[in-house]
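Here is a walk through one protein model, one region at a time. Keep the structure open and follow along.

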Amino acid sequence: MGSIGVVYDSGYGHTAAQARAVGEGAASLPGVDVALYFAEEVATDPRQLDHCDALVFGTPTYMGSGSAVFKTFMESSAKIWLRQGWKGKLAAGFTNSSGHSGDKLSTLTQLWLFAMQHGMVWVGLGLLDGNGRSTGSDAELNRLGAYAGAMAQSNSDQGLEGMRDSDLLTAAALGERVARQVALWQGGGQ
């Protein structure tokens, strides 16, 4: 059905957990080939992503923007950009920070703009915001109310045990949505 590459950076493991969840969500559809790529490693030769039908970008939000490591990956793709080698591929994004807002939208916008410069087609989260009602809870998908991509929040004084299951399930939902869009984009339905 298609190949999806999840390119991510993770300073403390939280964004890596999101990346795994995105990959699991995408792989839940039959026939989808998913590979996770650490941004620092793929920056040495971003052409290794050329075979992917979709790229899902993930980075922690530090100081209102993506990490320096992820930015290095972005800049390493300049020759691909010049020849528009990723034009027409699908793209999506996810991020994590310790703050409930943490200016994560700025990071998702940075990822979106990067994809747009490459001529890619952006796939948003496609979920209504969770926990926006008096009867809602933090256990709902998209509890942080993002539409541009998947957002997660993790406490700065905790490791992976502090991540909310709902944030990881939201990341998995993004991965599944991207996989479904790859099938539609290729004319395979689902």
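Start with the largest pocket, which holds about 200 Å³ of space. Its lining has 16 residues, and Y12, H14, Y62, N96 and S98 are the closest to the pocket centre. Three elements, α1, β3 and β5, each give two or more residues to this lining. The most comes from β3, with three residues. By residue class, the lining splits into 13 polar and three nonpolar residues, with no charged ones. Keep in mind that this is a predicted model.

Next, turn to helix α6. It runs over residues 165–185, 21 residues in total. After α6 comes G187, with a positive phi near 80°.

Last, look at K87. This residue sits in the loop between α4 (78–82) and β5. Its relative accessibility is 59%; exposed means over 50%, so K87 counts as exposed. Leaving out residues up to four places away in sequence, K87 touches H118 and G119. G136 lies 49 residues from K87 along the chain, and 40 Å separates their C-alpha atoms.

Note on methods. Residues are numbered from 1 along each chain as its sequence is written. This is a predicted model: local features need pLDDT of at least 70, side-chain atom pairs count only at pLDDT 80 or more; totals for chains, interfaces and linings use all residues. Side-chain values use heavy atoms; hydrogens and water are left out. Helices (H or I, at least four residues) and strands (E, at least two) are DSSP runs, numbered from the N terminus. The expected span of a helix is 1.5 Å times one less than its number of residues. Buried means under 20% relative accessible area, exposed over 50%, partly exposed in between (1.4 Å probe, protein chains only). Contact means heavy atoms within 4.5 Å. On a 1 Å grid over the protein atoms alone, a cavity is a set of points where a 1.4 Å probe fits but cannot get out, and a pocket is an open set with protein on both sides within 12 Å along at least five of seven lines; lining residues have an atom within 4 Å of a point. Grid points are joined across faces, edges and corners, and a volume is the space filled by probe spheres set on the points. Ala, Val, Leu, Ile, Met, Phe, Trp, Tyr, Cys and Pro count as nonpolar, Asp, Glu, Lys and Arg as charged, and the others, Gly among them, as polar.
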